[in-house]
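Please view the sequence and structure below before reading on.

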Amino acid sequence: MSISVLTCSYNNARPGANPAESVLAAAAVRSRGIRRLFSLPLPGDRRGAEAQPLIVPGVALPGGRTRDLLLLATMANQVFAFDANDGTPVWQHALGTPITSSGRIDEHPINDHWGILSTPVVDASAGVMYACAWMSPDGSYTGAQHWLHALSIVDGHAVHPPLNLEGATYDPGHGQPVQSFASATR
């Protein structure tokens with residue numbers, strides 16, 4: 001596998017398409033069809049992942065092995081790395097207790113948990129994946145906060161301590177008021 005998918009929808013323009021795709025071209029699909037390569041277990045939430053899977057080709061792992069990695073982040077605040085070619089598990093890392101689903105979060109409880117909802121981002125040159133996890137010590141909505149995690153794509157270890165986003169500010173300039181991040185509106 002040679003394509004990199006390091007952010008949502010392929011790149012920062014968010015086209016949602018890979019213009020260099022050749023394997024799934026219409027003519028190839030008509031002649032060869034489509035088949036499932038493998039299935040992946042994603043425990044912790046019945047819906048698994050809401051975030052888009054990411055792919056980082058040619059990752060040098062301990063022991064001298066190089067693999068194309070498929071990185072998945074779930075609503076249960078679990079991050080997984082699998083071999084993108086055969087589905088072999090490479091590593092997994094738990095980022096903290098996700099929020100238990102309730103009517104305060106979602107009127108139609110479609111998930112068991114609320115954790116990593118947005119697609120992480122990979123800095124391939126640094127070998128780091130950044131994921132935002134919504135966490136609470138007891139899994140409750142009250143007091144839950146968003147934390148930014150920086151994980152090594154090689155083995156899943158934290159390369160920096162998690163950063164609490166609660167109260168982080170952003171100045172948009174142009175006379176607009178400074179914005180302050182709040183994990184939940186009370």
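## A bridge between strands

In strand 9, L148 is the bridge partner of C132. Helices (H or I, at least four residues) and strands (E, at least two) are DSSP runs, numbered from the N terminus. Strand 8 (residues 128-135) and strand 9 (residues 145-152) are paired over 8 bridges in the antiparallel sense. Two strands pair if DSSP finds at least two bridges between them.

## Basis of the model

The model is predicted: local features need pLDDT of at least 70 and side-chain atom pairs count only at pLDDT 80 or more, while totals for chains, interfaces and linings use all residues. Residues are numbered from 1 along each chain as its sequence is written, and side-chain values use heavy atoms, with hydrogens and water left out.

An open sheet is formed by 4 strands in the order 7-8-9-10, with antiparallel pairing. Strand 7 (121-123) and strand 10 (158-164) stand at the edges with a single partner strand each, so one side of each has no neighbour in the sheet.

Strand 1 (residues 54-60) and strand 2 run antiparallel and are joined by 5 bridges; A60 stands opposite T66 in strand 2. Their hairpin has 5 residues between the strands, and G63 in the turn has a positive phi of about 90 degrees.

Strand 2 also pairs with strand 3 (residues 78-83) in the antiparallel sense, over 5 bridges, and A73 stands opposite V79 in strand 3. In this hairpin, with 4 residues between the strands, N77 takes a positive phi near 60 degrees.
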